[in-house]
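Here are some friendly notes to read alongside the model. Please keep the sequence and the 3D view open as you go.

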Amino acid sequence: MSNNPILCGAPVLVGPGILPDQNSTTADDTISQHLQVDAVLHYATSRVIPQQTMDEIKVSFDILKSLTPCNFLVFGLGHDSFMWSSINPRGTTLFLEEDPKWVRAILAHLPFLHANHVNYRTKLFEAEKLIEHYYNEPDCSASKSFLRGNHKCKLALDMLPNEVYDKEWDVIMIDGPKGYFDKAAGRMSAIYSAAVMARNRRGSGVTNVVLHDVDRDVEKVYAELFLCRKNLVKGVGRLWHFQISPASDVNTTDFC
Ligand SMILES: C[S@@+](CC[C@H](N)C(=O)[O-])C[C@H]1O[C@@H](n2cnc3c(N)ncnc32)[C@H](O)[C@@H]1O
């Protein structure tokens with residue numbers, strides 16, 4: 001083991017006596033391998049395990065494996081975050097978390113994770129009213145589809161860091177914010193905003209959206225309304241996987 005450059009943090013030799021160019025792919029590969037080995041060590045020695053089941057995790061794992069390096073946006077920070085980052089080591093993995101204390105707690109142990117705190121402006125008990133609001137507020141319409149500066153549409157996440165608006169996200173996982181008690185933020189605006197991001201994609205290909213906890217009514221109803229049954233490609237346990245084409249590829253002025 002002591003000769004393993006990955007575990008020992010020693011520079012990797014690419015030939016007899018040759019050090020890799022620090023700008024080369026080899027250097028990037030080494031960093032990626034470090035992250036992945038560290039993740040193995042972390043989970044092998046942790047008593048706390050992620051909340052998604054193995055079968056559910058495998059859905060996102062397979063998507064990431066086929067797309068990495070990619071842009072991966074995750075709603076909710078948890079014990080699974082290190083795993084997701086390590087599967088996309090050369091891409092961008094950004095976590096959006098509602099609870100500032102939880103962000104600090106996780107970053108104290110895993111400071112290299114890229115996580116931002118987000119203040120949601122909805123509550124779960126408003127879920128039904130927010131559907132009415134969606135139908136009545138022109139700025140919520142699919143034809144307008146914008147988030148940054150969209151203060152009128154309460155479902156639009158208008159307070160995100162600029163990085164979120166400026167990047168095109170290949171994979172979006174919605175496993176937060178909390179949605180299991182009345183005063184929780186609920187996932188309504190995360191689901192709506194993911195649909196807007198997918199719709200506005202300018203690059204090639206689809207946006208993969210994975211939504212957890214679809215056994216709950218709010219997740220189910222909002223998914224049907226914004227992510228759309230026609231885009232549902234897989235359902236495993238309590239997880240749905242959608243592939244959403246940009247609005248420019250499908251001739252519709254509605255989300256579905
Ligand atoms: C369903 S959890 C996401 C859990 C994550 N997928 C995992 O496997 O750990 C959603 C939210 O619960 C909160 N949460 C999860 N675990 C927590 C903990 N141990 N302590 C405090 N808050 C937690 C965070 O606010 C997180 O965004």
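At what angle do helix α8 and helix α9 pack, and how far apart are their axes?

1. Helix α8 (residues 188-199) and helix α9 (residues 217-227) pack at an angle of about 20°, and their axes are 9 Å apart. Helices here are DSSP runs of H or I with at least four residues, and strands are runs of E with at least two, numbered from the N terminus. The axes are lines fitted to C-alpha atoms, for helices over the stretch in contact, and angles run from 0 to 180 degrees between N-to-C directions. The angle makes α8 roughly parallel to α9, a label for angles under 35 degrees.

2. Before going on, note that this is a predicted model: local features need pLDDT of at least 70, side-chain atom pairs count only at pLDDT 80 or more, and totals for chains, interfaces and linings use all residues. Residues are numbered from 1 along each chain as its sequence is written.

3. Which residues bring the two helices together? From α8 come M188, I191, Y192 and A195, which meet V218, Y222, A223, F226 and L227 of α9; contact requires C-beta atoms, placed from the backbone, to lie within 7 Å. The residues of this contact divide into 9 nonpolar, no polar and no charged. Nonpolar covers Ala, Val, Leu, Ile, Met, Phe, Trp, Tyr, Cys and Pro; charged covers Asp, Glu, Lys and Arg; the others, Gly among them, are polar.

4. Now find A127, in helix α6 (residues 127-136). Leaving aside neighbours within four places in sequence, A127 is in contact with G186, M188 and V218. The C-alpha atoms of A127 and G186 are separated by 7.9 Å, although the two residues are 59 apart along the chain. Is A127 buried, exposed or partly exposed? A127 is partly exposed, because 19 other C-beta atoms lie within 10 Å; buried needs 20 or more, exposed 12 or fewer, and partly exposed is in between, with C-beta atoms placed from the backbone.

5. Two loops hold a cis peptide bond worth a look. One joins T68 and P69, with omega about 0°, and P69 is in the loop between α3 (54-67) and β1 (71-75). The other runs from G176 to P177, with omega near 0°, and P177 lies in the loop between β4 (171-174) and α8.

6. Finally, look at D213, in the loop between β5 (207-212) and α9. D213 has a positive phi of about 75° although it is not a glycine. D213 counts as buried because 20 other C-beta atoms lie within 10 Å.

Key: Parallel < 35°, antiparallel > 145°, perpendicular 65-115°, else oblique.
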